[in-house]
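Reader: I have a model to go through. Please show me how to read its features, step by step.

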Amino acid sequence: MRRATRPEIAMVPARFAPVLFGFILSGLMSCMVSGISTLRAVGLTEGVLGEWMSSWALSWAIAFPVVLVVAPITRRLVALLVKSPG
């Protein structure tokens, strides 16, 4: 019997990992935040999904570059606040 193999996934070079991380993180976070904000603003009405997707697109377009700028600053701040071993 033949073993099932995992499907091939397009791999991104490792040097792009921080950008890919920021892209995925900003996408997920902006999706959740825009969804909550949209539901609070318009309620669970007809057309809320379209409003949410429109808000998400704008939010993600802003969140992604902000994450790329803020992430290095955040890493330095965390390094200052975390006690090193030893």
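Reader: Start with one residue. Where is the place of Leu25?

Author: This is a predicted model. Leu25 sits in helix H1.

Reader: Is Leu25 buried, partly exposed or exposed?

Author: Read the relative accessible area against two cut-offs. Buried means under 20%, exposed means over 50%, and partly exposed lies in between. Leu25 has 37%, so Leu25 is partly exposed.

Reader: Which residues form the nonpolar patch on the surface?

Author: Leu25 is one of them.

Reader: Now a contrasting case. Does Ser34 count as buried or exposed?

Author: Apply the cut-off again: buried means under 20%. Ser34 has 4% relative accessibility, so Ser34 counts as buried. Ser34 lies in helix H1, which covers residues 17-42.

Reader: What does Ser34 touch, leaving out residues up to four places away in sequence?

Author: A contact needs heavy atoms within 4.5 Å. On that basis, Ser34 touches Trp52, Ser55, Trp56 and Ser59.

Reader: Which backbone oxygen does the side chain of Ser34 reach?

Author: That of Cys31, at 3.2 Å.

Reader: Let us step back to the whole chain. How many helices and strands does the protein chain have?

Author: Two helices and zero strands.

Reader: What is the radius of gyration of the protein chain?

Author: Compare the value with a reference globule. A compact globule of 86 residues would be near 12 Å, but the protein chain has 19 Å. The C-alpha trace spans about 55 × 55 × 25 Å along its principal axes.

Reader: What share of the 86 residues counts as buried?

Author: The share is 12%. The accessible surface of the chain comes to about 7600 Å², and 72% of that belongs to carbon and sulfur atoms.

Reader: What share of the contacts with a separation of 6 or more comes from residues 24 or more positions apart?

Author: In the protein chain, 60% of them.

Conventions:
Residues numbered from 1 in each chain as written. Predicted model: local features only at pLDDT ≥ 70, side-chain atom pairs only at ≥ 80, totals over all residues. Heavy atoms only, no water. Helix = DSSP H or I, 4+ residues; strand = E, 2+ residues; numbered from the N terminus. Rg over C-alpha atoms; globule rule 2.2 N^0.38 Å. Buried < 20%, exposed > 50% of the residue type's maximum accessible area, 1.4 Å probe, protein only. Areas by Shrake-Rupley, 256 points an atom, 1.4 Å probe, with all protein chains shown as cover. Polar contact = N/O pair within 3.5 Å; in protein donor to acceptor, adjacent residues only side chain to side chain. Patch = residues over 30% accessible without salt bridge, like charges linked within 9 Å, V, L, I, M, F, W, Y side chains within 5 Å. Salt bridge = Lys/Arg side-chain N within 4 Å of Asp/Glu carboxyl O.
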